[in-house]
Amino acid sequence: MKNKLLLFCLVGIMGVGYAQKSNLQLYKIKWSSDSLRILGVTIIQLDSPKNTELYFEHSISLLSDSVIHTNKFKQNQPKFLNRKIISVSPIHDGFEIIVDFKNESLDTVSLQNVLPFEKNPQNDYITGQGDHSLSRTYWFRPNKIPVNVIVPDNAWELGYNQMPLPQNKGYVYGFSRRDKSSLVNGKTKRFETIIYPQGSIQYHIWVESFQGNAQVGIKKVFQDRKLYDIQNFNDSLYRRKDLEWVRHSYLMHLMMSWDQFFYNPLKKQYAIKDFVTRGQNLYGGDDVIAIWPTWPTLGLDQRNQFDLFKDLPGGLVAIQKISDDLKSQHKHLFVSYNPWDVDTRKMNHYSGLSWLIDKTHADGVVLDTQGSSSEALQKAADSVRKGVIMYSEGMAVPKDMPGIISGRVHNALYYPPLLNLNKYIQPGFAIYRVSELYKEPINREFCTSFFNGYGTEINIMSPGQPEWVEKQYELLGKTTRLLRQLSDNFNAPQAIPLYPTQEDEIWVNAWPTPQKEVFTIYSAIPQGYRGNLFRVFPKLGWHFVDVFHHKLLTPQITSTDHFMIQAETDAFHQKYLGTNNEGAVDCIIQTPEFIQTKIVQNNLAISIVGFDSNKNYFAPTLKDTYLQIWKTEPSYTQKPLILKSQNQKISIQKYFDRFEGKLVIQLIQKKESRETLLDETIIELASGVSRLTSSDTLLINQPAALVVNPNTNLQRIQKMVFIPSGNFKFNQTHGDDFISYPPLIDTNRVMMTSFYMDRYPVTNKDFEKFIIQSHYKPVDNYHFLQHWVNGKPLKEDENKPVVYISFEDAQAYAKFYGKQLPTEKEWQYAAQTSALNEWPWKQNTPVTRTYEEVTNTLSVIQIKGIDSANCNLGNGHLDPVGTYSKGLNPYGLSDLVGSVWQLTNDEYSSGSYKYIIMKGGSYFKPSGSWWYVQGGPRELTYAQYLLRVSPGFERNATVGFRCILKP
């Protein structure tokens with residue numbers, strides 16, 4: 001798979017639906033004698049040396065339509081709707097054709113679903129279906145169920161179709177729209193034209209060529225041609241930096257000034273601050289709060305709409321403070337404007353609006369009842385200050401989009417179509433779907449808004465805050481976070497509607513840019529979905545991340561050498577199908593893999609890297625970036641760990657304590673007041689895994705006055721053995737694994753540096769000298785040197801290993817003499833040597849072992865065949881150090897096994913438990929039960945943990961230590 005992956009690594013998303021420059025131009029059309037059928041087309045191949053003309057025979061009807069006769073006459077009465085081409089004019093890459101439909105019958109007829117060419121189930125086409133009063137437009141796709149789509153309010157009756165050119169040369173599309181102004185003797189409705197006898201209507205048909213799939217053709221019609229609604233699109237508003245902020249805003253609440261979320265009449269104070277805080281905690285907060293003090297009370301008296309703002313509690317000074325408080329949190333206040341207010345106190349609307357914006361410090365205006373704005377309205381706002389947004393109640397049609405940069409998907413269309421093609425007309429036009437909370441759960445509203453890459457206006461004008469509201473806000477917060485973080489993609493012109501998928505009832509929109517590729521996914525499958533869904537094009541140094549479920553994804557190669565990516569959507573109750581609570585979403589990104597992570601013992605190692613054209617990693621310069629790390633997933637109920645975007649190691653124990661599960665690590669770029677997601681990776685802190693938490697200098701609960709004894713190095717290495725550097729391959733064996741031992745991370749041979757190690761375990765005499773010199777007193781003295789009498793060891797115990805000491809006591813001893821406890825690897829290397837000996841001595845005859853499996857974590861192993869002259873075999877009596885001269889290892893270390901369990905410096909935490917690794921076994925070997933710790937002499941690879949509770953609990957009669965000294 002790796003080799004195949006490299007074949008595709010530089011392709012990206014270009015292979016499917018990406019807007020490609022067309023090298024074809026439709027040059028001529030050959031007509032039938034009645035001019036109603038196309039018999040062939042001539043295409044100029046612009047990339048050929050001499051602009052080669054290619055002729056393709058292609059017999060197809062110019063139009064197909066539905067005609068319904070609404071009156072009944074005699075059976076022999078002819079019923080005839082005559083079609084006639086009025087004109088054919090060259091445009092762009094093709095022609096504009098005007099067709100006249102004339103009713104020459106005695107019936108009244110209804111003309112609807114006018115579609116260029118002929119319906120072909122193997123082609124994509126858009127036309128009407130059904131009799132819904134507000135939404136009949138569907139995108140028909142081969143072998144898939146039709147998708148209901150939203151189109152501009154002046155183009156409900158549009159039709160789109162395409163015909164393929166032979167030899168895979170491309171396509172010719174046809175796009176039809178009705179010319180209302182041409183109507184004679186009839187009337188127009190949203191989706192149909194009623195034509196009375198001898199009446200007529202004209203349709204414009206635009207026929208052009210393109211290369212690519214249906215998404216390219218539809219994008220050409222909607223984005224490049226603006227549905228042929230306007231010839232020269234003035235995008236000056238869209239280029240204004242001061243207005244740019246609204247396209248990156250995705251959530252607003254529109255409320256009336258009587259709402260107690262806005263003002264509390266009992267407390268006689270504004271409550272909007274509490275509402276904003278509530279929203280921040282539930283869904284990450286609003287970008288905009290819009291207030292409405294006019295309708296339905298406007299007209300009760302002579303006060304005009306501007307007077308009602310002035311008369312709010314505290315006057316305009318109070319509203320101005322609300323606005324300023326919102327700005328300080330990077331939020332915005334919108335005020336309402338009612339253009340129909342003409343009969344109350346007379347006031348020029350433009351000067352009144354300027355006055356209102358000035359006095360309230362508002363950043364935007366909700367244009368009631370309007371689907372467009374005007375140059376005069378924007379100038380009224382600009383005269384106060386730059387950056388004030390006009391926000392229309394309806395959605396602007398293409399010809400009005402130059403004058404306004406934001407609008408709504410109105411809730412008059414209660415159960416909105418899945419796909420909003422308005423999103424693809426003008427990049428940067430900010431769209432909000434109007435959603436209401438009081439009727440029913442509206443999961444689908446939030447899901448389809450996210451799928452379409454635009455925001456949500458929560459309209460709470462109607463009263464009601466049902467009990468399920470806060471749960472729904474949780475989903476809204478999750479989708480809005482992603483809309484904000486990926487906003488550059490959702491405003492880019494390369495967007496691809498209905499990106500091809502291999503499954504139905506689950507849909508994908510693609511939002512590619514050169515920096516990142518985003519895929520939003522909407523599913524109407526109640527049982528949920530998980531599987532390969534759509535084709536992707538891996539790129540070198542990039543990776544795929546499910547940023548909704550926070551999972552790393554690996555493309556799967558198919559039998560046709562295509563790469564597919566897995567999507568996942570949650571299940572929902574089947575009873576919600578067909579309601580505003582159906583549906584689930586997912587979101588996948590392909591992005592440069594800037595973050596690389598791995599767990600090294602108790603540390604999370606993070607690297608920030610790039611990938612250059614020579615396939616080499618490098619440290620990229622990422623301006624204004626930082627890392628944020630979340631437990632499980634981003635949410636508004638937790639604060640992330642914020643780190644600089646640099647190579648670093650952080651302590652898992654320090655920052656995440658007992659947390660076990662998924663860590664989501666995001667690279668964020670700060671762009672003014674917004675955050676952009678550059679990359680995300682996920683790493684798992686597996687449950688129950690033990691991680692090394694100690695270090696060479698760790699001291700816990702020790703007296704602050706303890707200082708290092710200023711002995712010379714020569715004095716310190718007395719009674720120590722030099723351990724030379726060498727190669728070592730670490731391995732570990734152990735007993736009962738009910739509480740997990742640390743995993744073996746690296747079993748390769750490594751170079752160990754030289755050090756000194758105590759020849760013997762530290763004795764009672766050694767420890768007595770330490771106490772006299774250091775005046776050491778432990779914080780917790782329970783069981784401390786319990787076997788001593790009157791603070792001194794018995795004479796016969798002076799040369800026995802000191803016991804009844806804790807990890808902290810041993811560390812204090814080591815520190816005082818400038819030494820340290822050995823790590824497990826250091827202890828084992830010194831004991832085994834580079835030869836990896838199983839026992840300190842040369843075992844001439846192999847030991848025998850009997851295994852008895854007790855549980856899946858415990859196997860009892862009985863060892864036989866060790867000479868009792870080499871070590872204590874577990875007789876229950878502690879011997880003085882050096883008793884077993886035959887038990888020395890090649891370096892001269894004594895009492896490595898069968899004496900006392902010897903503490904190492906390795907302390908581990910598994911989240912639930914902390915423990916210290918000990919080595920060597922001990923003189924005590926209980927044998928009456930399986931469940932005892934397996935004592936006696938143990939192999940040099942054998943580890944035993946000492947579970948941690950308190951120093952007093954851990955002090956016992958079988959645990960001692962020895963030290964090392966590093967040159």
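## Strands S37 and S38

Strand S37 (residues 625-631) and strand S38 (residues 641-644) pair in the antiparallel sense over four bridges, where strands are DSSP runs of E with at least two residues, helices are runs of H or I with at least four, and both are numbered from the N terminus; two strands pair if DSSP finds at least two bridges between them. The bridge partner of Ile-629 in S38 is Leu-641. Leu-641 belongs, with Leu-643, to the covered face of S38, whereas Ile-642 and Lys-644 make up the uncovered face.

## Basis of the model

The structure is a predicted model, in which local features need pLDDT of at least 70 and side-chain atom pairs count only at pLDDT 80 or more, while totals for chains, interfaces and linings use all residues. Residues are numbered from 1 along each chain as its sequence is written, and side-chain values use heavy atoms, with hydrogens and water left out.

## The parallel sheet

Eight strands, in the order S20-S19-S18-S17-S14-S24-S23-S21, form an open sheet with parallel pairing. Strand S20 (389-392) and strand S21 (406-409) stand at the edges with a single partner strand each, so one side of each is left without a neighbour in the sheet. From one strand to the next the twist averages 25°, with axes taken as lines fitted to C-alpha atoms (for helices over the stretch in contact) and angles running from 0 to 180 degrees between N-to-C directions.

Within this order, strand S14 (residues 251-256) and strand S17 (residues 288-292) pair in the parallel sense over five bridges, and the bridge partner of His-253 in S17 is Ile-289.

## Strand S11 and its partners

Six of the seven residues of strand S11 (residues 159-165) are buried, and the strand is thus mostly covered; buried means under 20% relative accessible area, exposed over 50%, and partly exposed in between (1.4 Å probe, protein chains only). Strand S8 (residues 125-128) pairs with S11 in the antiparallel sense over two bridges, and Tyr-125 stands opposite Asn-161 in S11.

S11 is also joined by seven bridges to strand S12 (residues 170-188), the two running antiparallel, with Ser-176 in S12 as the bridge partner of Gly-159. The hairpin of S11 and S12 has four residues between the strands, and in this hairpin Gln-167 takes a positive phi near 65°.

## Aromatic pairs and charges over rings

A pair of aromatic rings is described by the distance of the centres and the angle of the planes. A search of the whole structure finds 46 aromatic pairs, for which the rings of Phe, Tyr and Trp (its six-membered ring) must have centres within 6.5 Å, and planes under 30 degrees apart count as stacked, over 60 as edge-to-face and the rest as tilted. The rings of Tyr-424 and Trp-511 have their centres 5.9 Å apart and their planes at 15°, so this pair is stacked. Tyr-424 lies in the loop between strand S22 (419-420) and strand S23 (430-435), and Trp-511 in strand S25 (residues 506-512), so the pair ties together parts that are 87 residues apart in sequence. Both Tyr-424 and Trp-511 are buried. Trp-507 and Tyr-522 form another stacked pair, at 6.2 Å centre to centre with 20° between the planes, and this pair links Trp-507 in S25 to Tyr-522 in strand S26 (residues 517-523), 15 residues apart. Trp-507 counts as buried at 7% relative accessibility, and Tyr-522 counts as buried at 1%.

One aromatic cluster is formed by Phe-767, Phe-770, Tyr-776, Phe-784, Tyr-813, Phe-816, Tyr-817 and Phe-961. Elsewhere, Lys-539 lies over the face of Trp-542 at 3.4 Å from the ring centre, and the charged end of Arg-938 sits over the ring of Tyr-942, 4.2 Å from its centre; such a placement requires NZ of Lys or CZ of Arg within 6 Å of the ring centre and within 35 degrees of the ring normal.

Helix H9 (residues 469-485) has 17 residues and reaches 24 Å from its first C-alpha to its last, close to the 24 Å expected at 1.5 Å a residue, the expected span being 1.5 Å times one less than the number of residues.

Asn-905 has its place in strand S50 (residues 901-909) and is buried, with a relative accessible area of 3%. The side chain of Asn-905 makes a polar contact with the side chain of Gln-811 at 3.3 Å, a polar contact being a pair of N or O atoms within 3.5 Å in which, within protein, one must be able to donate a hydrogen and the other to accept it, and residues adjacent in sequence count only if both atoms are side-chain atoms.
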